[in-house]
Amino acid sequence: MKKVLAVFMSVLMLMQLGTMSQASDFSGKLDKNEWEAYYNSLIDDNTLPMLNVGADETQVSLCWHADKDTAKAQVKLSKSADMSDAVLFEGETTPAENDLQLVCRVTVTGLTENTTYYYQWNTGKGWSDAKKYETKSFGSHKAMVVGDIQITESFYDGGQEQKDDGQRWNNFLVEALEKNPDISYLVSPGDNTSTGETAAEWQTLLMPETLRSLPVALAIGNHDKKGMTYDYYTNMPNEYYGRNFRGLDRDFWFRYGDVLYMFFDSTSGNAPDHRAMAKEAVKLNPDAKWRIGVVHHGIYGAGDSIGDMETEILLKTIFAPIFESFDLDLVITGHTHSQGRSHFMNNTKVAEEAPSGGTFTNPKGVVYLNSNSICGRPTDESYEAEHLAYSFLENDVPTYSTLEFNGDTMTLETYRGDNSELLDTITIIHDEEYKDKSFGNVLKRILYKVVEALGWVYTKIDYLVRDIQAMKEDGGLFGKKKRSFN
Ligand SMILES: [Fe+2]
């Protein structure tokens with residue numbers, strides 16, 4: 001009986017392997033079983049690479065973990081799938097969050113538009129499989145916005161929720177990219193992870209095979225800020241550490257074609273450094289046609305984000321003057337897990353209404369796009385707000401937005417993430433030169449100096465409070481952490 005059983009089991013295993021090899025293309029939507037097999041094959045590791053946007057459209061960066069003894073920060077790039085005539089790019093290794101590994105970071109430069117490349121990274125055990133990366137047009141192009149990916153931790157249920165998050169994230173990306181194969185890169189306003197403390201959150205986030213060929217730019221959210229892993233798993237361009245930032249705090253910017261993106265860490269009230277980063281980015285990119293801000297917290301977002309002290313005082317006082325004075329066109333936000341878009345805002349008021357479907361030429365305000373959540377943990381919040389031009393009420397349905405740039409025109413579209421039905425669209429035409437207000441008149445500049453001083457004081461107090469909280473949590477991290485959804 002034992003022999004018969006052994007033969008039967010062997011046949012079963014072979015059949016299973018056959019099924020696995022047929023399903024070994026993990027680049028499409030995966031059902032529960034397919035995802036489980038894929039997830040289980042990767043979750044005990046933390047070495048998947050992140051493909052990040054570069055400082056401009058001719059660059060991309062990679063970041064991955066490798067064994068300390070063999071790690072080499074090297075990437076090979078070729079125009080052939082067989083990697084012939086490959087060019088070697090070398091970067092740097094830095095300490096990881098553990099003693100066994102190093103973090104490898106490499107920036108690939110000199111990319112040209114509409115070109116198919118293949119790349120490999122040095123895993124420390126040899127070269128990885130070759131992955132394809134196709135550049136699109138550098139002028140007219142399309143970006144994708146997704147919010148609060150927020151891959152959860154595994155502490156509460158043995159990993160099931162994390163596994164489900166991964167599948168949802170994978171299939172969401174496949175849906176969006178199948179319908180929009182011309183997307184060049186992905187922008188996220190933060191809360192990429194849930195605790196910011198585990199490698200498994202990043203490993204799960206990086207599992208979708210689509211991310212091997214889609215550079216990402218990820219803001220820091222309050223959930224990422226709970227730990228330090230963002231520091232070890234990302235490689236963002238032009239990171240700005242300022243004079244008062246500490247730990248994970250940082251802003252960064254990048255340029256793609258005609259667009260300048262500025263990412264602000266909205267969990268930091270450090271006004272002097274936020275302003276300094278914007279000033280530097282704008283100064284270095286005077287010819288950018290579009291200026292876009294990305295912050296985690298929604299200043300004029302959807303959901304119940306208006307009216308609380310944090311939003312009203314901290315965000316509006318510190319960030320809105322920066323956005324308005326540097327003439328930003330669009331600010332991308334998240335945090336509330338509620339999809340919505342504002343009218344054109346200026347000085348805390350609706351400067352121009354922006355109903356869905358409209359085209360607006362040289363509007364006199366900033367439009368705010370608040371994205372909902374990929375993680376499937378919707379919040380139950382109100383939607384009534386004077387500043388909102390559009391809001392999507394089905395918070396449990398993920399959404400994505402596309403930004404399409406074509407000369408003087410930017411078209412912003414928002415879609416359901418499950419079937420890509422169009423929900424909201426506006427077009428902005430921008431045929432005027434920027435007129436930097438440099439914080440407006442003398443009175444406005446003086447007032448912002450006061451904001452900078454208060455922001456500096458707030459930052460110092462915030463650090464003190466965090467230090468005290470960290471001391472309290474020492475020794476009881478897993479059991480004592482309070483869970484919040486946004
Ligand atoms: Fe958040």
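Reader: How many helices and strands does the secondary structure of the protein come to?
Author: This is a predicted model, in which local features need pLDDT of at least 70 and side-chain atom pairs count only at pLDDT 80 or more, whereas totals for chains, interfaces and linings use all residues. Residues are numbered from 1 along each chain as its sequence is written. With helices (H or I, at least four residues) and strands (E, at least two) taken as DSSP runs numbered from the N terminus, the secondary structure of the protein comes to nine helices and 24 strands.

Reader: What percentage of the residues of the protein counts as buried?
Author: A residue is buried if 20 or more other C-beta atoms, placed from the backbone, lie within 10 Å of its own, exposed if 12 or fewer do, and partly exposed in between. Of the 486 residues of the protein, the buried ones amount to 46%.

Reader: Which helix do the buried residues of helix H2 pack against?
Author: In H2, residues 32-42, the buried residues are Trp 35, Tyr 38 and Tyr 39. They lie on the same side of H2 because they cover an arc of only 100 degrees around the axis, the arc being that of the directions from the helix axis to the C-beta atoms. The face turned away from this buried side carries the exposed residues Asn 33, Asn 40 and Ser 41. Through contacts (C-beta atoms, placed from the backbone, within 7 Å), the buried residues of H2 pack against helix H3 (160-179).

Reader: Which residue in S2 is the bridge partner of Asn 52?
Author: Strand S1, residues 50-53, pairs with S2 in the antiparallel sense over four bridges, and a hairpin joins S1 to S2 through six residues. In S2, the bridge partner of Asn 52 is Ser 61.

Reader: Which residue in S7 is the bridge partner of Ser 78?
Author: Strand S3, residues 74-78, and strand S7, residues 116-121, pair in the antiparallel sense over four bridges. In S7, the bridge partner of Ser 78 is Tyr 118.

Note on methods
Two strands pair if DSSP finds at least two bridges between them. Two residues are in contact if their C-beta atoms, placed from the backbone, lie within 7 Å.
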